[in-house]
Amino acid sequence: MSVDLVGFLGVVLLAYVVPGPDFLVVLRSATEHPTKGRAAALGAQSGLCVHMLAAAVGLSVVAARSPVIYDAIRLGGAGYLVYLGVRAVLAARPTARPRGAQRQAIAPVVTGVGGSGSRWRSGFRQGLLTNVLNPKAALFFLSVLPQFVHGGGSPARQIFFLGILDVLIGVAYWFGLVAVGARLRALLARPAIRHRWELTTGWLFIAVGVGVAVAA
């Protein structure tokens, strides 16, 4: 199998380092609970697998060439990001209460009350939907990834190989980010800092969502 691994790894690492919707989802989930962060990471990479399979069967080509389908996916993704942002902003509202009530209101977010299964499902769902509803991920498999495929072997096999490598690199990167987010939980246990964190991440989600919606 002949592929341009060096060039591909450079592009993939750059894509992960530049913050995007997946970055926000994984980091914010990790600050709520490491389990939720890992679930969000696996959900995001599962979304990549969906795009990879869609590209393999030609669905991504249809979506990329149809403005209506492409815009529907883009606007759906934008709407979901805005929804996550509004939820985060609303979650910051209880921190405006008196100090005693404030601690009580913020404790469930910091300690991850709700059960391991609930945290896992919530994180995985957020990561999966954020990625699946991102048409740029589909275009990556259609336009960027094939540039690193050589004519010496089966293009489909090479694309699958590079796609799986992309997914595995992402899992390692996101799990590293989850470890960073988990360390931030102690800092975010302070109500005033948690309040600012909820507002900041919430408005970032909204800003990214609006940016995706108005993008040509």
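**Helices and ring pairs**

Mentor: Helix 2 is mostly covered, with twelve of its twelve residues buried. Buried means under 20% relative accessible area, exposed over 50%, and partly exposed in between (1.4 Å probe, protein chains only). Helices (H or I, at least four residues) are DSSP runs, numbered from the N terminus.

Trainee: What should I know about the model and the numbering?

Mentor: This is a predicted model, where local features need pLDDT of at least 70, side-chain atom pairs count only at pLDDT 80 or more, and totals for chains, interfaces and linings use all residues. Residues are numbered from 1 along each chain as its sequence is written, and side-chain values use heavy atoms, with hydrogens and water left out.

Trainee: How far does helix 2 reach from its first C-alpha to its last?

Mentor: Helix 2 reaches 17 Å, close to the 16 Å expected at 1.5 Å a residue. The expected span is 1.5 Å times one less than the number of residues.

Trainee: At what angle do helix 2 and helix 7 pack?

Mentor: Helix 2 (residues 21-32) and helix 7 (residues 116-132) pack at about 175°, with axes 9 Å apart. Axes are lines fitted to C-alpha atoms, for helices over the stretch in contact, and angles run from 0 to 180 degrees between N-to-C directions. The two helices are therefore roughly antiparallel, a term for angles over 145 degrees.

Trainee: Which residues make that contact?

Mentor: Helix 2 supplies Pro21, Asp22, Val25 and Ser29, and helix 7 supplies Gln126, Gly127, Thr130 and Asn131. Contact means heavy atoms within 4.5 Å.

Trainee: Is asparagine 131 buried or exposed?

Mentor: Asparagine 131 counts as buried, at 2% relative accessibility. Not counting residues up to four places away in sequence, asparagine 131 touches Asp22, Ala44, Gly47, Leu48, His51 and Ala137.

Trainee: New topic. How many aromatic pairs does the structure hold?

Mentor: There are four aromatic pairs. Rings of Phe, Tyr and Trp (its six-membered ring) pair if their centres lie within 6.5 Å; planes under 30 degrees apart count as stacked, over 60 as edge-to-face and the rest as tilted. In one of the pairs, tyrosine 16 and tryptophan 174 have ring centres 5.6 Å apart and planes at 85°, so the pair is edge-to-face.

Trainee: Where do tyrosine 16 and tryptophan 174 lie?

Mentor: Tyrosine 16 is in helix 1 (residues 5-17) and tryptophan 174 in helix 9 (residues 155-188), so the pair ties together parts 158 residues apart in sequence. Both residues are buried. Ring pairs link Tyr16, Tyr173 and Trp174 into a cluster.

Technical notes: Parallel < 35°, antiparallel > 145°, perpendicular 65-115°, else oblique.
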